[in-house]
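Please look over the structure below before reading the notes.

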Amino acid sequence: MSTGVQINVDVRKAMAQLQSVGVDMNPKAYLSLIGQRLLSWVNKNFKDEGTEKPWKPLSPNTLASRRMRGRGAKILQDSNRMAQSFTFWYGADSGANEVRVFVGTEDQKAEWHEKGTDP
């Protein structure tokens with residue numbers, strides 16, 4: 001994963017409580033819901049151009065270039081390829097009952113947009 005978020009969820013206590021009343025917990029279903037929710041947040045972040053912290057505005061040169069090509073002024077949404085590249089996947093270690101959800105993109109440019117580049 002080039003750029004993304006990893007979330008570790010310790011489900012041992014929840015699984016033990018559910019098993020004590022005869023219910024088996026399916027960690028994959030739970031992780032899928034978490035992944036879908038996080039992906040929804042990523043989509044909202046692109047739509048809002050920064051949900052929790054506004055993204056830096058486009059430079060005047062970028063805006064001029066986009067206008068010349070008939071493109072819009074939305075940040076990171078010239079072609080929408082970046083936003084569409086985000087996905088989620090999960091993994092589970094059944095021995096330790098540790099599960100992980102990953103949300104991210106393989107698009108290598110995402111890291112440049114996140115952290116910037118040197119001149």
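In this predicted model, the side chains of R66 and D78 meet in a salt bridge, 4.0 Å from N to O. A salt bridge here is a side-chain nitrogen of Lys or Arg within 4 Å of a carboxyl oxygen of Asp or Glu. Because the model is predicted, local features need pLDDT of at least 70 and side-chain atom pairs count only at pLDDT 80 or more, while totals for chains, interfaces and linings use all residues. Residues are numbered from 1 along each chain as its sequence is written, and side-chain values use heavy atoms, leaving out hydrogens and water.

**Salt bridges**

- R66 lies in helix α3 (residues 60-68) and D78 in the loop between α3 and α4 (81-84), so the two are 12 residues apart; helices (H or I, at least four residues) and strands (E, at least two) are DSSP runs, numbered from the N terminus.
- R66 counts as buried, at 7% relative accessibility, whereas D78 is partly exposed at 27%. Buried means under 20% relative accessible area, exposed over 50%, and partly exposed in between (1.4 Å probe, protein chains only).
- D78 also forms a salt bridge with R69, with the closest N and O atoms 3.3 Å apart, and another with R71, where that distance is 3.1 Å.
- R69 is partly exposed at 49% relative accessibility, and R71 is partly exposed at 38%.

**Helix α2**

- α2 has 22 residues and reaches 31 Å from its first C-alpha to its last, close to the 32 Å expected at 1.5 Å a residue. The expected span is 1.5 Å times one less than the number of residues.
- The buried residues of α2 include L31, I34, L39, V42 and F46.
- Seen down the axis of α2, its buried residues fall within an arc of 165°, so they line one face of the helix. The arc is that of the directions from the helix axis to the C-beta atoms.
- L33, R37 and K47 are exposed residues on the face of α2 turned away from its buried side.
- Just after α2, E49 takes a positive phi of about 55°.

**Whole protein**

- The secondary structure comes to five helices and three strands, in the order β-α-α-α-α-β-β-α along the sequence.
- Of the 119 residues, 25% count as buried.
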